[in-house]
Amino acid sequence: MKRIIWMAAGVAIGVLAVRKLTEAKETFGPQGLNRAVGSLADSIANFADAVRDGMQEREADLRAALGVDN
């Protein structure tokens, strides 16, 4: 009975290890890295767009405060 419990525990640990290795392979493989780089590039582009929008709003506010219209 004791051997069956240890065998079941070993099988469960083996299955978990294989799943984790497969997940790591997918994450750190070429496709996973491409997804990560693409996501990072999208985040940077969104941040740059937000900064540009903020700059345009601030410039419009300053122009309105100074009475300069172009």
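**Figure 1. The protein chain holds two helices and zero strands.** Helices (H or I, at least four residues) and strands (E, at least two) are DSSP runs, numbered from the N terminus. The radius of gyration, 27 Å, is well over the 11 Å that the globule rule gives for 70 residues, so the chain is more spread out than a compact globule. That radius is taken over C-alpha atoms, and the globule rule is 2.2 Å times the number of residues to the power 0.38. Along the principal axes, the C-alpha atoms fill a box of roughly 90 × 25 × 5 Å. This is a predicted model, in which local features need pLDDT of at least 70 and side-chain atom pairs count only at pLDDT 80 or more, while totals for chains, interfaces and linings use all residues. Residues are numbered from 1 along each chain as its sequence is written, and side-chain values use heavy atoms, with hydrogens and water left out.

**Figure 2. Surface of the protein chain.** Accessible areas come from the Shrake-Rupley method with a 1.4 Å probe; for residues, only the protein chains shown count as cover. Of the 70 residues, 3% count as buried. Buried means under 20% relative accessible area, exposed over 50%, and partly exposed in between (1.4 Å probe, protein chains only).

**Figure 3. Met1, Ile4 and Ile5 make a nonpolar surface patch of about 390 Å².** Patches are made of residues with over 30% relative accessible area and no salt bridge; like charges are joined within 9 Å, nonpolar side chains (Val, Leu, Ile, Met, Phe, Trp, Tyr) within 5 Å. Methionine 1 lies in the segment before helix H1 (2-28). With a relative accessible area of 77%, methionine 1 is exposed.

**Figure 4. Aspartate 49 and arginine 52 form a salt bridge.** The term stands for a side-chain nitrogen of Lys or Arg within 4 Å of a carboxyl oxygen of Asp or Glu. By this rule the count is two. The closest N and O atoms of aspartate 49 and arginine 52 are 2.8 Å apart. These residues are three apart in helix H2 (residues 30-66), and so are separated by about one helical turn. Aspartate 49 is partly exposed at 36% relative accessible area, and arginine 52 is partly exposed at 45%.

**Figure 5. Glutamate 59 and arginine 63 meet in a salt bridge.** The N to O distance is 3.2 Å. Both residues lie in helix H2, four residues apart, about one turn of the helix. Glutamate 59 counts as partly exposed at 40% relative accessibility; arginine 63 is partly exposed at 30%.
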